[in-house]
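Please keep the sequence and the structure open while reading this note. Each numbered point can be checked against the picture.

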Number of protein chains: 2
Amino acid sequence: MTAPRAHRAAPDHTHPDHVPLLAALSALADPVRLGLVRELAGSADWERTCGSFDVPVGKAALSHHFATLRAAGLVEQRDAGPRRLNRLRRAEFDARFPGLLDLVLRPDPDPGLEPEA
Amino acid sequence: MTAPRAHRAAPDHTHPDHVPLLAALSALADPVRLGLVRELAGSADWERTCGSFDVPVGKAALSHHFATLRAAGLVEQRDAGPRRLNRLRRAEFDARFPGLLDLVLRPDPDPGLEPEA
DNA sequence: CTTGCTGTTCAATGAAAAGCGAACACCGAT
DNA sequence: ATCGGTGTTCGCTTTTCATTGAACAGCAAG
């Protein structure tokens, strides 16, 4: 009781182990969320707030995307005062879907090269 | 010219090398297409016709799904008389997105286990 | 307590995609 | 030429999902 507990409602997380493959794929099959994951992977744990990401959407949409990422077991969030800190669940997610994160974080070899002239 | 050429319009394929990651993920992030890929993986090349798959959709939707799979570099199709034979582009797709097909074809360890009581 | 910042929720819109039935096109066989 | 089987294309409906603006809630500081 003496510990400083958060009065804010804790976000509901889903552990990667309980995430269906389809949910994982769906979560990653979106340009905004893909950007979030990649950007998050470039930072240390708990170093990024939700608003610190460079995405072309408003706060509302952003909040929804983070909820999706939590439900897919990709992101863990912790409250720190008014802001919410994020962490990529690298090891856990990779244990559940080996190689998937590696694939997503690997630089795209040839996204849209023209076939031929 | 003496060779028996197909008068039918050949389906337009996209080589996996030219497929963006997002397109690959989107193609696989669908229950029907996921089923098609898995079922196709269980058969030898050019052994399955489009209509031979056990999916809960009509022909029209099925045709659309196959078009998506072709565009994602997952499936190659060849005309054989009135029917269209399919092949999973295992090696090529795996070279472009290492591990992704393995992941999809791996039996799901724990899709929907209840968290706790 | 009031202000300011962060993030979530609500209600609604718009766009994308999946679905179907019907019509059409192609091939092989009769 | 006609027919049966296979698959595609054409509208059209329905559903799903991303997005927004505004309202709301929590926390920190003044």
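1. A word of caution comes before the details. This is a predicted model, and the note should be read with that in mind.

2. Start with the sheet of chain B. Three strands form an open sheet there, in the order S1-S3-S2, with antiparallel pairing. The edges are strand S1 (48–49) and strand S2 (75–80) of chain B, each of which pairs on one side only.

3. How many bridges join S2(B) and strand S3 (residues 83–88) of chain B? There are six, and the two strands pair in the antiparallel sense. One pair to look up is Gln77(B), whose bridge partner in S3(B) is Asn86(B).

4. Two helices of chain B lie across strands of this sheet. Helix H2 (residues 31–41) of chain B lies across S1, S2 and S3 of chain B, and its direction makes an angle of about 85 degrees with S3(B). Helix H3 (residues 59–71) of chain B lies across S2 and S3 of chain B, at about 120 degrees to S2(B).

5. In chain A, look at helix H2 (31–41). Its buried residues include Val32(A), Leu36(A), Val37(A) and Leu40(A). Arg33(A) is also buried in H2(A), and Arg33(A) returns below among the residues that come nearest to DNA strand D. At the start of H2(A), a side-chain oxygen of Asp30(A) comes to within 2.8 Å of the backbone nitrogen of Val32(A).

6. Trp46 deserves a check in both chains. Most residues other than glycine have a negative phi. Trp46(A), however, has a positive phi, near 60 degrees, and phi of Trp46(B) is also near 60 degrees. Trp46(A) sits in the loop between helix H2 (31–41) and strand S1 (48–49) of chain A; Trp46(B) lies in the loop between H2 and S1 of chain B. Is Trp46(A) buried or partly exposed? Trp46(A) has a relative accessible area of 24%, so it counts as partly exposed. For Trp46(B) the value is 24% as well, and that residue is partly exposed too.

7. Arg48(A) is found in strand S1 of chain A. Why does Arg48(A) count as buried? Its relative accessibility is 14%, and the cut-off for buried is under 20%. The side chain of Arg48(A) makes a polar contact with the side chain of Ser43(A) at 2.9 Å and reaches the backbone oxygen of Ser52(A) at 2.7 Å. Among the residues that Arg48(A) touches are Glu39(A), Leu40(A), Phe53(A), Arg84(A) and Asn86(A).

8. The last topic is DNA strand D. Which residues come nearest to DNA strand D? Of the 25 residues around it, they are Arg33(A), Gly58(A), His65(A), Ser63(B) and Arg84(B). H2 and helix H3 (59–71) of chain A, with H3 and S3 of chain B, each supply at least two residues of this surface. Its residues divide into nine nonpolar, eight polar and eight charged.

9. Of the atoms of DNA strand D within 4 Å of the protein, 71% belong to sugar or phosphate, and the rest belong to bases. Phosphate oxygens of DNA strand D lie 2.7 Å from a polar backbone atom of Gly58(A) and 2.9 Å from a polar backbone atom of Gly51(B). For Ser63(B), a polar side-chain atom is 2.6 Å from a phosphate oxygen of DNA strand D.

Methods: Residues numbered from 1 in each chain as written. Chains lettered and ligands numbered in written order. Predicted model: local features only at pLDDT ≥ 70, side-chain atom pairs only at ≥ 80, totals over all residues. Heavy atoms only, no water. Pairing = 2+ DSSP bridges. Helix = DSSP H or I, 4+ residues; strand = E, 2+ residues; numbered from the N terminus. Contact = heavy atoms within 4.5 Å. Axes fitted to C-alpha atoms, helices over the stretch in contact; angles between N-to-C directions. Buried < 20%, exposed > 50% of the residue type's maximum accessible area, 1.4 Å probe, protein only. Polar contact = N/O pair within 3.5 Å; in protein donor to acceptor, adjacent residues only side chain to side chain. Near = heavy atom within 4 Å. Nonpolar A, V, L, I, M, F, W, Y, C, P; charged D, E, K, R; others polar. Lists of a residue's contacts leave out its neighbours within four places in sequence.
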